[in-house]
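Dear colleague,

Please find the structure below, handed over for your records.

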Amino acid sequence: MRMYADLAPWYPLITPLQDYAEEAAWYRGPMREVLGPGRHRLLELGCGARHNAHHLADDFDLTLVDPSPQMLDLARANCPGATLVQGDMRDLRLGRTFDAVFLHDAISYMLSRADLRAAMQTAWEHLRPGGVAVLVPDDLADDFAPGTDCGGSDGPDGRSLRYLEWSWRHPDLPERIVVDYTLVVREGDGPVRVLAVDRHEQGLFPRETWLGLLAETGFQVQERLQPYEGRNISIFVARRPG
Ligand SMILES: C[S@@+](CC[C@H](N)C(=O)[O-])C[C@H]1O[C@@H](n2cnc3c(N)ncnc32)[C@H](O)[C@@H]1O
């Protein structure tokens, strides 16, 4: 995925940091309900440019993991205080535990049930008893509808980017979707040009699979539904029993 590699310098224009303040509150709430007041230790698996984590930094000491060195560079710029680790959510083992583990949209890149289960096991291994994992897939098979979205922004440095995000079911694989991003940019007074068409493949699993795999891992799990733009976002709140 070039968006997280050579195109990463454009990433802040795809999703500006300030857009995430409201969303981060959806995840802070359930973590606080389980953990109570005070400052806690949070591990995010697949932090990207840490847009949500940026808004959680007042409440949590952050350890942020991503496989992409370019995304970790962006995360470093957004949060000088966080501990950054290069790693994969399927097999990371830091040898220490946290009060909370956060798996946001990055978990949608788990393409098989085995990978999804492995990411859940990583969350389990890094949680203290009584800790909480919050998992937020982009889509569930129960609710997925193919469609398009668009967005982008203008940067302070004269660069502008707009994108078309086009999501559709994989023709051959029932538990997978394809998300094609077309990125169009302009620099200063220069011409508008197509920067790239970047294909992402994501896993698409039914709610029952998510709940079943979390229970199999050992979690006590609740699904919360967060209304957003005419649909519900599923937030799985998974407690490691104390
Ligand atoms: C959309 S970004 C995450 C944005 C983040 N949720 C935020 O709030 O800013 C998706 C990230 O998932 C990461 N990713 C993809 N596969 C991964 C894996 N196997 N383990 C951990 N992270 C992964 C990518 O490198 C990318 O940085």
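The shell of residues around the ligand is made up of 9 nonpolar, 6 polar and 5 charged residues. In this classification Ala, Val, Leu, Ile, Met, Phe, Trp, Tyr, Cys and Pro are nonpolar, Asp, Glu, Lys and Arg are charged, and the others, Gly among them, are polar. Of the 20 residues around the ligand, those that come nearest are Gly-46, Gly-48, His-51, Asn-52 and Ala-106; a residue is near a molecule if its C-beta atom, placed from the backbone, lies within 6 Å of it.

Two remarks on conventions apply throughout. The model is predicted: local features need pLDDT of at least 70, side-chain atom pairs count only at pLDDT 80 or more, and totals for chains, interfaces and linings use all residues. Residues are numbered from 1 along each chain as its sequence is written.

Overall form

The protein contains 6 helices and 11 strands, which are DSSP runs numbered from the N terminus (helices are H or I with at least four residues, strands are E with at least two). Its C-alpha atoms fill a box of roughly 60 × 45 × 30 Å along the principal axes. The radius of gyration is 18 Å, which agrees with the value near 18 Å for a compact globule of 242 residues. That radius is taken over C-alpha atoms, and the globule rule is 2.2 Å times the number of residues to the power 0.38.

Of the 242 residues, 33% count as buried. A residue is buried if 20 or more other C-beta atoms lie within 10 Å of its own, exposed if 12 or fewer, and partly exposed in between, with C-beta atoms placed from the backbone. Among contacts between residues at least 6 apart in sequence, 61% join residues at least 24 apart; a contact requires C-beta atoms, placed from the backbone, within 7 Å of each other.

Domains and core

The domain assignment gives domain 1 (2-140 + 205-239) and domain 2 (147-203), with bounds that come from an automatic or database domain assignment. Their C-alpha centres lie 22 Å apart. In the interface, 17 residues of domain 1 are in contact with 18 residues of domain 2. Helix H1 (residues 11-14) gives the most to the domain 1 side, with 3 residues. By class, that side has 12 nonpolar, 2 polar and 3 charged residues.

In soluble globular proteins, nonpolar side chains tend to be buried together. Here the largest nonpolar core has 56 residues, and those with the most contacts inside it are Leu-45, Ala-100, Val-101, Leu-103, Ala-119, Ala-133 and Val-134. Both domain 1 and domain 2 supply at least three residues to this core. Such a core is a set of buried Ala, Val, Leu, Ile, Met, Phe, Trp, Tyr and Cys residues joined through C-beta atoms within 7 Å. Beyond its neighbours within four places in sequence, Leu-103 is in contact with Leu-45, Gly-46, Met-89, Ala-119, Ala-123, Ala-133 and Leu-135.

Individual residues

His-40 belongs to strand E1 (residues 40-45) and is partly exposed because it has 19 C-beta neighbours inside 10 Å. Leaving aside neighbours within four places in sequence, His-40 is in contact with Leu-35, Phe-60, Asp-99 and Ala-100.

Leu-195 lies in strand E9 (residues 193-203). With 17 other C-beta atoms within 10 Å, Leu-195 is also partly exposed. Again leaving aside neighbours within four places in sequence, Leu-195 is in contact with Leu-7, Trp-10, Leu-183, Val-184 and Val-185.

Ala-5 is found in the segment before H1 and counts as exposed, since 12 C-beta neighbours lie inside 10 Å. Ala-5 touches Ser-68 and Gln-70, residues up to four places away in sequence not being counted.

Backbone angles

Most residues other than glycine have a negative phi. Arg-50, however, has a positive phi near 60°. Arg-50 lies in the loop between E1 and helix H3 (51-54) and is buried, with 26 other C-beta atoms within 10 Å. Glu-229 likewise has a positive phi, of about 45°. Glu-229 is in the loop between strand E10 (220-228) and strand E11 (231-239), and is exposed, with 6 other C-beta atoms within 10 Å.

With kind regards

Notes
Contact = placed C-beta atoms within 7 Å.
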